[in-house]
Amino acid sequence: MKSLEKQTLVNICEQMAAHSWSDAELNELVAPQMGIITGLQDLLKALDKLRQIDLGALPPATNVQNK
Amino acid sequence: MSDQSIAFQPISALSRLLETGALSAVELTDLYLKRIQQLDGRACSFITVTENLARQSALAADQCRMQGISRTALSGIPYAVKDLIDVQGVLTTAGSRVFHDNIAAENAFLVDRMAQTGAVMLGKLNLHEFAYGTTGENEVYGTAVNAYDENRLACGSSSGSAAAVAFGLCPASFGTDTGGSVRVPAAMSGLVGLKPTLGRISTRGVTPCCWSLDHVGTVTRTVSDAALLLSSSACYDSLDPGSANLPCEQYNIALTGTRPLSGLRIGIAERFFFERADSEILAATESVMRSLARAGADIIKVEMPSMEHCRTVSLTVQMPEALSFHSRYLTERGDLYGKDFRAGLALGQCLLAEHYVRAKRFMMLYRQQTNAVFQDVDLLLTPSSPVIAPERGTASVTLDGVTEAIGNAMTRYTTFFNMTGHPAITVPSGMHSEGLPMGVQLVGRYFDEATLFKVATAIERDDAFRIPLPQPG
């Protein structure tokens, strides 16, 4: 998986049904400077690890009680 | 009894004072209102004080008593709610400028339930903006501080819910818990924090942080008060799709005999839950373990599911759900959000749908794996948090050579059980040498809050874990 580029996020905002974010907010997602959030890049790497785990036919979680 | 002494009594004792006529509900309400006026400038726990509403409710409770109308254990007892929880005609700010004009059209389901008991609503409590964060730092409404050291945080996100009880400004409160937001501030303030089973208390009328992980919970002085609030507020709500359709019992947590926990199996998951923690917190937890063994419980080592991806899963569910709820407000008044919350919402925008669904499937896996652990034990014991309440402005903490964001550290032992939905309670485990409370967390099977209450009561009754009251003046 290649590193995330800011232009990818700009394209998502411009080309998909999405909210607009400031330049500074997009910069923060790609390369965190303010320490506000864990970088999106780190999260995407972690999600890539999750993707490699086979969950079979397990469905998503809903309520804990079947009514 | 002095006002100061009354202010720190548990609900059961206050109820007796009202029952015997030693104190009226109006007098009790005025006592707390006066303390709020005197002390909340320091505590910063309330956003709105509903003084008139409180006096009206207290007067009604007194009139019922004088007319001999049967009263409940909560009749005339003041309480307060986190300012995410709607009270008709009162501002719900959610701790944000975004909701500066958000007057609730009706009561949250739990507020209606509490009104039926005759309890007295004192006001709305401070929080981290939209409950997104565990420090409780709030640039709009101020930061609730710790009653044991005002240079430290009450922690959050239900910061006001813990600070108000700890400062003796109300005897009990409701908060919400999406990753530990009731349990952590309660533990940091030497209180009892309950996160019941997912769906046990309706979330209708509660501004969501994340629908899949949100639980309404309670902050109280004692375990029996937590049981009382749960049995009074939990009820099936047909208008809340997540509400559990199970009756909630009136809990009898009387412990008898010298070994009242005989036959109970308590699981200890050393891996993850006893790693990278303050050494005094670990020692206190081990001391609780020995105390429970003396009370008859079997202590059994267990292996929990891998926690490696736990925070990733939680974040991947939280942020898209938060973005979905806030979509409308982002368009209308996006510039009113705090920087950190906007950053989180932006992150939610950049995740793929499959990431979200996969995270929800991991939640299902965690539930199945945890239910399997509960085939061998009746409950789990962990520290409530690996750290004590941090000083204001603390960004990170280093434990065993690993540096971690303070918010992540504080909730490291609690977040997992929001994903699984199991009930959990935190009770004090003693005082740290730095003069701050420590706590342990008990986690039970679905809808088995009764066992949590029983074991938590055994811990509460052991003098070794009793902590002094704070001295806020």
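Me: Two strands pair if DSSP finds at least two bridges between them. Over how many bridges do strand E12 and strand E13 of chain B pair?

Reply: This is a predicted model, in which local features need pLDDT of at least 70, side-chain atom pairs count only at pLDDT 80 or more, and totals for chains, interfaces and linings use all residues. Residues are numbered from 1 along each chain as its sequence is written, while chains are lettered from A and ligands numbered from 1 in the order in which they are written. Helices (H or I, at least four residues) and strands (E, at least two) are DSSP runs numbered from the N terminus. E12(B), residues 396-399, and E13(B), residues 402-405, run antiparallel, and the number of bridges is 4.

Me: Which residue in the hairpin of E12(B) and E13(B) takes a positive phi?

Reply: Ser396(B) has Ala405(B) of E13(B) as its bridge partner. The hairpin has 2 residues between the strands, and the residue with a phi near 50 degrees is Asp400(B).

Me: Cys44(B) has a positive phi although it is not a glycine; is Cys44(B) buried or exposed?

Reply: Most residues other than glycine have a negative phi. Cys44(B), with a phi of about 60 degrees, is found in the loop between helix H3 (25-43) and strand E1 (46-49) of chain B. A residue is buried if 20 or more other C-beta atoms, placed from the backbone, lie within 10 Å of its own, exposed if 12 or fewer, and partly exposed in between. Because Cys44(B) has 23 such neighbours inside 10 Å, it counts as buried.

Me: What does Arg276(B) count as, by its C-beta neighbours?

Reply: Arg276(B) also has a positive phi, of about 45 degrees, and lies in the loop between helix H9 (270-273) and helix H10 (279-294) of chain B. With 17 C-beta neighbours inside 10 Å, Arg276(B) counts as partly exposed.

Me: In which loop is Ser157(B)?

Reply: The peptide bond from Gly156(B) to Ser157(B) is cis, with omega near 15 degrees. The loop that holds Ser157(B) lies between E5 and helix H6 (159-166) of chain B.
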